Amino acid sequence: MKKEFLVISAFVIITAFSFISMADINGRWIGSLTLPGDDHFPLSYTFKVDSGKLTGTAHAPQGDVAITDGMINGDNFSFSIPVPGGSSPHTGKVYQDSIGMDLVYKGQHLHATLKRDKS
């Protein structure tokens, strides 16, 4: 009886932890990308997760672009954005109050930190 209780308790704890650790990336996120030469480029994304698939939109001054090939696994995610001449792969990690994101654009490896848009 005691052994059964311990097994069930362990299962409940593991299940609860897996739900807690699932990242909530849904919604709008904003930040800026620091380019070589200390220029800043504003970033804004709207994300939606459905059954492990990440969809959404990248918002830029030039217009909105749908993200492609989006995936999320726990707090790690990846997607691409179509750009002239190809695509820009993005990978990232969701933290409690921010997103750390690495991207490749025209051969340059860049990093950005995004915060949830509260407006």
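Here are a few questions and answers on the pocket and salt bridges of this predicted model.

Q: Which strand gives the most residues to the lining of the largest pocket?
A: The largest pocket has a volume of about 500 Å³. Of its 22 lining residues, Phe41, Ala60, Gln62, Val83 and Tyr105 sit closest to the centre. Elements that give two or more residues include S1, S3 and S8. The top contributor, with five residues, is S2.

Q: How many charged residues are in the lining of the largest pocket?
A: Start with the nonpolar ones, which come to 16. Another six are polar.

Q: Which aspartate meets arginine 28 in a salt bridge?
A: Arginine 28 belongs to strand S1, and its partner lies 89 residues away, in the segment after strand S9. The two side chains come to 3.5 Å, N to O. A salt bridge here needs a nitrogen within 4 Å of a carboxyl oxygen, so the pair counts. The partner is aspartate 117.

Q: Is aspartate 97 buried or exposed?
A: Aspartate 97 sits in the loop between S7 and S8, and its side chain meets lysine 115 in a salt bridge at 3.9 Å, N to O. Lysine 115 is partly exposed, at 42% relative accessible area. The cut-off for exposed is over 50%. Aspartate 97 has 51% relative accessibility, so it counts as exposed.

Note on methods:
Residues numbered from 1 in each chain as written. Predicted model: local features only at pLDDT ≥ 70, side-chain atom pairs only at ≥ 80, totals over all residues. Heavy atoms only, no water. 1 Å grid on protein atoms, 1.4 Å probe; cavity = no way out; pocket = protein on both sides within 12 Å on 5 of 7 lines; lining within 4 Å. Points joined across faces, edges and corners; volume = space filled by probe spheres on them. Helix = DSSP H or I, 4+ residues; strand = E, 2+ residues; numbered from the N terminus. Nonpolar A, V, L, I, M, F, W, Y, C, P; charged D, E, K, R; others polar. Buried < 20%, exposed > 50% of the residue type's maximum accessible area, 1.4 Å probe, protein only.
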